[in-house]
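Subject: Two-chain model, handover and findings

Dear colleague,

Please find the structure we spoke about below. My notes on it follow.

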Amino acid sequence: MKLHFSGNRALVLGGSCNLAITLAELMIKSDLFPILTYRNDEGERYISKTLQPFAGKYNSHYLDFSDRDSVNSLFHQIGDDIDFLVDFVQGDLESLVASADEDSIYRYFTENVSFRAEILKRAGRAMLKKKRGRLVFISSTAADKPNPGQGFYASAKLASEALYRNLGIELGKHGITTVSLRPGYIDAGRGKAFIKTRQEEVMKKVPIKRALTGQEVAETILFFLSDSSKGVNATEICIDGGLTAGK
Amino acid sequence: MNILGEIKEILTEILDLEDREITPETYLVRELDVESIDLLELAVALNSQFNIEVSDDDIFLKKFRLYVTEAEQQKTDMVQYVTAKLPFLTKSRAEEIMADLDGGPALKVKDLISYVVWQRKDETFA
């Protein structure tokens, strides 16, 4: 089955993570034009280095969820011309709820929820002008089944899922749809080291007895950007090999 | 085409109105049954059509009642307070809205015109 896409320009937030790079390659091969965001020089260099074979077929821009001016700057540079948005951005605040530093709490939710809402407002309005758009949020199984210490992470993911869900409810009739994907264990990026040390745990908990590869998660994301998945709107889907399905 | 004409075209398209007369005195919510999603579309269309920044809260007078309440609490002149917050409204229009608030959302087409004119003037002198 060949995938078809309504549009070409794909804004990829948090574009310097491994999964985003894998997705960008798939996008380019599908004649999409990814615009990847980075928050520091290291991220920019990593994008340039890994996508060097595809020079001219993608773009990258600065965006830091702790820097509100960077939103204006980003949308000024890309114009209102986006057809897709894939959102990988997520900060960490690993702490028990009753232990967390108050300043960290306020900053965390500002950066991971409020800032995201601002981006979605801008993206939603840009897509409304074209009367089409597809937004995919990369959430986590932790949203549904967090471990101790993941309360803030889970909270930010759930709040963000709700924003994406409502965007799909509110703008669906104008051809703008959304989906949140909840990956489980992925053998890529920050998950790689974790899985290496917890191999047995992963094997025990996941019905398919393995972590997912970055490639297969990226292919799943690409599918959810395509016209074939348009009926899936304003909802959350697990990509976890069945991790959260059982007891 | 003048601003009223362009706004009428936008409203006709968004609300799928046919043969409906729209004047500056037409109420958007009370008469045209405009809903929040329609207002969002309208804001985006005005931004595109007139190349202006649009604050949904300001242009649609969403905080008008709040500002009136704040003025009462601060014991300050209501008209002056409201027009400082919503500078595209004239004093006479602010007074008109205050007298009309009991009837429901007071937003009229002429408020959209005032906003567009005010924003364009601001951007001309920026």
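Before the findings, one cut-off: a residue is buried if 20 or more other C-beta atoms lie within 10 Å of its own, and exposed if 12 or fewer do. Please also keep in mind that this is a predicted model.

Helix 1 of chain B

With that cut-off, B:Ile7, B:Lys8 and B:Leu11 are buried in helix 1 of chain B. These residues lie on the same side of the helix, because the arc they cover around the axis is only 105°. An α-helix has 3.6 residues a turn, so residues three or four places apart point the same way. On the other side of helix 1 of chain B are B:Gly5 and B:Glu13, which are exposed. The helix runs over residues 3–15, 13 residues in total. From its first C-alpha to its last, helix 1 of chain B reaches 18 Å, close to the 18 Å expected at 1.5 Å a residue.

Two positive phi values in chain B

What follows helix 1 of chain B? The helix is followed by B:Asp16. Phi of B:Asp16 is positive, near 55°, in a residue other than glycine. B:Asp16 sits in the loop between helix 1 and helix 2 (36–50) of chain B. B:Asp16 is exposed because it has 8 other C-beta atoms within 10 Å.

B:Asn51 is also not a glycine, and its phi is positive at about 55°. Its place is the loop between helix 2 and helix 3 (56–59) of chain B. B:Asn51 has 10 C-beta neighbours inside 10 Å and therefore counts as exposed.

Chain B as a whole

Chain B has seven helices and zero strands. Its radius of gyration is 15 Å, close to the 14 Å that the globule rule gives for 126 residues, so chain B is as compact as a globular protein of that length. Taken along the principal axes, the C-alpha atoms of chain B fill a box of roughly 45 × 35 × 25 Å. Of the 126 residues in chain B, 25% are buried. Among contacts in chain B between residues at least 6 apart in sequence, 60% join residues at least 24 apart.

Chain A as a whole

Chain A has eight helices and seven strands. The radius of gyration of chain A is 17 Å, close to the 18 Å from the globule rule for 247 residues, so this chain is as compact as a globular protein of that length. The C-alpha trace of chain A spans about 45 × 45 × 40 Å along its principal axes. Buried residues account for 40% of the 247 residues in chain A. Among its contacts between residues at least 6 apart in sequence, 76% join residues at least 24 apart.

Nonpolar cores

The largest nonpolar core has 82 residues, of which A:Val12, A:Leu23, A:Val86, A:Val136 and A:Ile221 touch the most other members. Which element gives the most to this core? Helix 4 (residues 102–130) of chain A does, with seven residues. A second, separate core has five residues, including A:Leu93, A:Tyr108, A:Tyr153 and A:Ala156.

Setting aside neighbours within four places in sequence, A:Ile221 is in contact with A:Leu23, A:Val86, A:Val136 and A:Leu181.

A:Ile138

A:Ile138 belongs to strand 5 (residues 133–138) of chain A. Is A:Ile138 buried or exposed? A:Ile138 is buried, because 24 other C-beta atoms lie within 10 Å. Not counting residues up to four places away in sequence, A:Ile138 touches A:Val86, A:Asp87, A:Phe88, A:Leu181 and A:Pro183. A:Ile138 and A:Arg9 are 129 residues apart in sequence, and 18 Å separates them in space, C-alpha to C-alpha.

Where the chains meet

How many residues of chain B are in contact with chain A? Four residues of chain B are in contact with four residues of chain A. On the side of chain B that touches chain A, the residues divide into two nonpolar, one polar and one charged.

Regards

Key:
Residues are numbered from 1 along each chain as its sequence is written. Chains are lettered from A and ligands numbered from 1 in the order in which they are written. This is a predicted model: local features need pLDDT of at least 70, side-chain atom pairs count only at pLDDT 80 or more; totals for chains, interfaces and linings use all residues. Helices (H or I, at least four residues) and strands (E, at least two) are DSSP runs, numbered from the N terminus. The expected span of a helix is 1.5 Å times one less than its number of residues. The arc is that of the directions from the helix axis to the C-beta atoms. Two residues are in contact if their C-beta atoms, placed from the backbone, lie within 7 Å. Ala, Val, Leu, Ile, Met, Phe, Trp, Tyr, Cys and Pro count as nonpolar, Asp, Glu, Lys and Arg as charged, and the others, Gly among them, as polar. A nonpolar core is a set of buried Ala, Val, Leu, Ile, Met, Phe, Trp, Tyr and Cys residues joined through C-beta atoms within 7 Å. The radius of gyration is taken over C-alpha atoms; the globule rule is 2.2 Å times the number of residues to the power 0.38.
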